[in-house]
Amino acid sequence: MAGRRPITSLLIKPAGPDCNLACKYCFYTSRRALYPRERRHRMTRQVAEEMIRQYMGMTSGTATFAWQGGEPTLMGVDFFRLVTALQMKHGRSGQVVANALQTNGTLLDAEWARLLRRYQFLVGLSIDGPPQVHDKWRVNHTGGPSLELVLRGLRVLRDEGVEHNALVMLTSHSFDKARIIWDYLHGLGIDFMQFIPCLERDPTTGEMSEYSVTPEQWGQFMCEVFDLWWGSGITAPGTGCPCPSTYVRLFNDLVEIYAGGEGPSCMLKDRCGEYVVIEHNGDVYACDFFVDKDHYAGNILKTPLGQLIHADLLEEFSVAKGRAGAECAECRWWRQCYGGCPKDRIYGAGHTECATSLCRGYQMLFEHADERLRRLAAHHTQQGASPNQMAEGEEQ
């Protein structure tokens, strides 16, 4: 098994776990325990410049920065003006910078949108569906709804022509509302979607939380969405294959795999480790879902990033995903998913060498979609185009 892949992006938490919302299912809130002496988490100019200087100095081609949280817009628009200035300062001739911002959208205004458009940020907007879905658990600190503010943010993005997509958390409350959510997003003019299964444990009981979906609920939802996706485009003459007009990350990635390529999403690869997480103070961790003491590599103010990414614990983390237990090794779908995200595998039997706890859901989807995915992949291979050119855009 090969070792760690080259780092292709940074996933940055400039405001750490801080957020102006209090979404009930948020897994990152608990990361405050890593920094008990800090009530407010904000990245300083020193950390930002060291991070950008070191990363751009070790990167050829495209340097990709994914800004997440918590809520990264808590940093304010001036911080991101500083970020783009530092990227230009430390960039080399011919080097390309790609920025992605994942946000709840509630703090966005015209000033934000103008900056995001000017520097071509790709914005991932967290929106779970219509009010009865979104406002169930995506609430503010007083328990009030947030969707109205999200829609205001969406409007300013659209008014300024900022590229954006929807990040949809699927919960036990929404798994049976595939058509409702699909129609609502399309009604908002959103054609780029990523559906994320909520899978969290209750910290007090250790049991799966009330927000979490079961494998069967996940599978049911994705099968329904697949049918909607399949029917969203125009059928190519003489082929019986549609060209879906909506980009759904999992489905477009699967077509890429069926066409003989590698799925762009980390959860569908045979190894982890194409990015590292950098917290607000420069701490480096293996993965967004593994920001904990066991997966801490060091701090960029003390040890260069180019050295940290080769830490033994990150190497081990990278290759662990590809170690299949007996159940996965004998599965006909192994090379479609490579066991999914390690976080979901640990939530299954407690270690990475086991099937993902969402295994049955993935099997339901593969069994439901296999024949059509094969046809679509063959069609795009014949056309000589990447399957992911069916729709533009990709969320990190």
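Helices (H or I, at least four residues) and strands (E, at least two) here are DSSP runs, numbered from the N terminus. With that in hand, Gln120 sits in the loop between H3 and E4. This is a predicted model, where local features need pLDDT of at least 70, side-chain atom pairs count only at pLDDT 80 or more, and totals for chains, interfaces and linings use all residues. Residues are numbered from 1 along each chain as its sequence is written, and side-chain values use heavy atoms, leaving out hydrogens and water.

**Confidence**

- The protein chain has a mean pLDDT (the predictor's confidence in each residue, from 0 to 100) of 91, and 93% of its residues reach 70 or more.
- Residues 389-396 have pLDDT below 50, yet beyond near neighbours in sequence this stretch has 30 contacts in the model, a contact being heavy atoms within 4.5 Å.

- E9 pairs with strand E6 (residues 192-197) in the parallel sense, over 2 bridges.
- Met193 has Val248 in E9 as its bridge partner.

**Helices lying across strands**

- Axes are lines fitted to C-alpha atoms, for helices over the stretch in contact, and angles run from 0 to 180 degrees between N-to-C directions.

**Helix pairs**

- H2 and helix H3 (residues 110-118) have axes that come within 10 Å and cross at roughly 15°, so they are roughly parallel to each other. The cut-offs: angles under 35 degrees count as roughly parallel, over 145 as roughly antiparallel, 65 to 115 as roughly perpendicular and the rest as oblique.
- The H2 and H3 crossing is left-handed, a label used if the near helix is turned anticlockwise from the far one by less than a right angle, with right-handed if clockwise.
- Val77, Phe80 and Arg81 in H2 meet Glu111, Trp112 and Leu115 in H3. By class, that contact has 4 nonpolar, no polar and 2 charged residues. Here Ala, Val, Leu, Ile, Met, Phe, Trp, Tyr, Cys and Pro count as nonpolar, Asp, Glu, Lys and Arg as charged, and the others, Gly among them, as polar.
- The axes of helix H6 (residues 178-187) and helix H7 (residues 215-230) come within 9 Å and cross at roughly 45°, so this pair is oblique; the crossing is right-handed.
- From H6, Ala178, Arg179, Ile181 and Trp182 meet Phe221, Glu224, Val225, Leu228 and Trp229 in H7. The tally there is 7 nonpolar, no polar and 2 charged residues.
- H7 also packs with helix H8 (residues 249-258), at an angle of about 75° and with axes 10 Å apart, which makes H7 roughly perpendicular to H8.
- Trp218, Met222, Val225, Phe226 and Trp229 of H7 make this contact with Leu250, Phe251, Asn252 and Val255 of H8: 8 nonpolar, 1 polar and no charged residues.

- The peptide bond from Gly69 to Gly70 is cis, with omega near 10°; Gly70 is in the loop between E2 and H2.
- Gln120 isn't a glycine, but has a positive phi of about 55°.

Definitions and conventions. Pairing = 2+ DSSP bridges.
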